[in-house]
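Subject: Structure for your review

Dear colleague,

Please find below the structure that I am handing over to you. My findings follow directly after it.

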Amino acid sequence: MRSKYQQPRGERRETRTLSGRVRGGKLYPVMAQAFLGSESGVVSQTITAELDRIMGRLLTQTTFEVTCVMVPVLACRAVRYPDDPIQAGTDLTREKLLSGNPLFSLGNETEITQRMGVEPRKIGGDLKVSTICAYAHNAAVNYLRRRKYVKADQVHYSNNEITPALFGRSALQMLNGALDPEDRVNGSVDLELQDIQIPVKTPPTGANQSLITVADNSGDVVTDTHSQEVFADFKGASAGRLSLLDFYLAEEEDGLVRTMRKIVDQDPVHGEEQIRNWAHGLSLDSDKQPFVVYEKEHIFGTSMQSAMDGPNLDLRQTNSAASIDFTVPIPPTEFGGILVTFISIKPDETMMHQPHPILSEPWGAINFVADEMAKYDPVPVTNRELFADIDTADEETIAFYTGNNELKFNYVNYGFRRGTDMTTVENKSAMWQIQVPMSLTPSSIIYPDVLDHYPFALNGEEDEVCTYTVSSRARINTPLIRGHTPVEELAEIETSNLFEDAE
């Protein structure tokens with residue numbers, strides 16, 4: 001039950017409009033909206049973006065992505081103390097607040113806080129902002145990364161730099177693959193052999209006994225003379241025999257593993273901790289988890305626009321402007337949090353030159369019976385099945401595992417045909433693409449630090465290519481007590497001694 005001082009007693013409003021420029025392949029925080037403890041409300045934002053003109057016409061799509069993440073205070077505490085989870089606990093946070101010490105101190109202004117639109121306060125000649133801004137940014141980035149891959153590289157709490165954007169989909173998501181298939185899924189049953197002796201063969205009468213060879217447990221061949229039967233000795237633990245109960249238990253284990261996998265997918269940051277709590281009937285403090293309140297992609301270049309007047313009246317060009325607007329409700333939390341809005345400009349993400357799964361292999365009869373029996377087994381996918389120009393030494397390397405015939409069910413490949421001269425200006429200017437990594441590693445879900453921006457005309461390597469404007473309007477129900485507006489002093493009261501109280 002919420003106490004008197006947790007109930008809303010008024011409404012505060014914030015209205016901000018910020019403009020700036022960004023590069024491609026980066027995850028830019030463009031707005032931060034603070035919510036104090038027990039505050040709730042509605043945030044409406046409109047974000048427009050316009051790409052710079054390019055040389056020629058761009059044939060590939062360019063993506064404008066908006067992601068809005070709510071980061072509770074406990075999530076900021078968790079990223080600040082990654083090795084001490086107790087610091088992010090509810091009880092310790094309450095004690096910290098009651099002691100009169102701030103949860104987050106002041107720090108210097110950084111590029112992150114500038115991008116967020118946080119105006120600093122000058123103290124002793126230095127521009128200062130609350131450190132919760134950077135912690136909220138880093139917690140949101142870590143959450144978005146782990147949402148793509150639970151083992152993704154995490155940024156340190158002290159990070160003050162803009163981070164690379166995230167790939168929209170990894171190769172595993174595109175092809176329904178798994179990096180390390182769980183062997184407990186689909187009814188895996190362990191079989192252990194008893195400690196038994198199995199006769200191999202009785203040497204025929206009169207045979208040369210010295211020709212009998214036996215391999216010991218290490219695989220070394222031991223030659224000896226035997227005048228009796230030879231046995232293969234299995235020194236395993238006692239296992240008994242398989243029963244229907246073993247398969248029932250394997251099916252039950254399969255269901256539990258799938259449930260735990262779903263928990264991790266829904267909560268990538270604290271999923272493993274939540275599994276431990278779930279297994280022991282305990283719950284997890286939900287305020288430690290950032291959550292996405294809105295996300296949307298807009299594709300540039302899918303429409304054309306005409307000039308309205310002047311000498312270019314009959315000319316048409318690619319529409320390079322986009323606008324995204326949304327309204328989201330924010331629920332109250334005990335300690336509050338920061339709503340962080342991110343934008344990204346991304347080139348076309350493609351698995352270009354993936355070999356055709358049917359036309360690049362021999363044409364023969366299909367054994368449907370064998371496929372029926374193999375539909376539950378994971379099938380390794382090698383690099384030669386993903387990229388036509390793979391290095392010879394890496395052809396047989398396994399990239400990931402997928403279902404039988406999965407590559408044949410959804411094949412997408414576009415771009416200039418093989419053999420096209422890509423050195424001409426016309427061809428180079430027609431595409432802005434990036435190759436999706438063929439496998440999944442902790443660092444492969446994010447863009448490279450340096451992204452080629454050709455065909456955009458840049459004067460320097462750090463030049464931006466897109467202008468954006470974000471307008472944010474927030475109406476927040478707050479328990480803050482608002483004082484009365486003071487009245488300007490009336491000099492006539494004192495001059496004429498209207499109250500006759502002058503001595």
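Asn-142 counts as buried because its relative accessibility is 7%, where buried means under 20% relative accessible area, exposed over 50% and partly exposed in between (1.4 Å probe, protein chains only). Asn-142 is found in helix H4; helices (H or I, at least four residues) and strands (E, at least two) are DSSP runs, numbered from the N terminus. Apart from neighbours within four places in sequence, Asn-142 is in contact (heavy atoms within 4.5 Å) with Val-79, Gln-154 and Val-155.

Please note that this is a predicted model, in which local features need pLDDT of at least 70 and side-chain atom pairs count only at pLDDT 80 or more, while totals for chains, interfaces and linings use all residues. Residues are numbered from 1 along each chain as its sequence is written, and side-chain values use heavy atoms, with hydrogens and water left out.

The nonpolar core

In soluble globular proteins, nonpolar side chains tend to be buried together. A nonpolar core is here a set of buried Ala, Val, Leu, Ile, Met, Phe, Trp, Tyr and Cys residues joined through side-chain atoms within 4.5 Å. The largest such core holds 85 residues, and Phe-64, Val-71, Phe-342, Ile-343, Ile-345 and Phe-400 touch the most other members. Helix H4 (residues 132–148) supplies the largest share of this core, with 9 residues. Leaving aside neighbours within four places in sequence, the contacts of Phe-64 include Ile-47, Ala-49, Phe-300, Ile-324, Ile-343 and Ile-345.

The strands

Two strands pair if DSSP finds at least two bridges between them. An open sheet of 5 strands has the order E8-E2-E17-E4-E13, and its pairing is antiparallel. Strands E8 (163–164) and E13 (291–300) stand at the edges with a single partner strand each, so one side of each has no neighbour in the sheet. E8 pairs with strand E2 (residues 26–35) over 2 bridges in the antiparallel sense, and Lys-26 stands opposite Pro-164 in E8.

Strand E3 (residues 40–51) runs antiparallel to strand E22 (residues 466–478), joined by 12 bridges; Ala-49 has Tyr-468 in E22 as its bridge partner. E3 also pairs in the antiparallel sense with strand E16 (residues 321–330), over 10 bridges, where Gln-45 is partnered by Phe-326.

Pockets and cavity

On a 1 Å grid over the protein atoms alone, a cavity is a set of points where a 1.4 Å probe fits but cannot get out, and a pocket is an open set with protein on both sides within 12 Å along at least five of seven lines; lining residues have an atom within 4 Å of a point. Grid points are joined across faces, edges and corners, and a volume is the space filled by probe spheres set on the points.

The largest pocket has a volume of about 1,500 Å³. Of its 36 lining residues, Ala-178, Asp-180, Pro-181, Glu-182 and Arg-261 lie nearest its centre. Helix H6 gives the most to this lining, with 6 residues.

The second largest pocket has a volume of about 670 Å³. Ala-34, Leu-36, Ser-130, Ile-132 and Ile-338 lie nearest its centre, among 27 lining residues. Strand E2 gives the most to the lining of this second pocket, with 4 residues.

A search of the whole structure finds 1 cavity of 30 Å³ or more. The largest cavity has a volume of about 70 Å³, and its lining includes Lys-148, Phe-167, Arg-169 and Ile-445.

Yours sincerely
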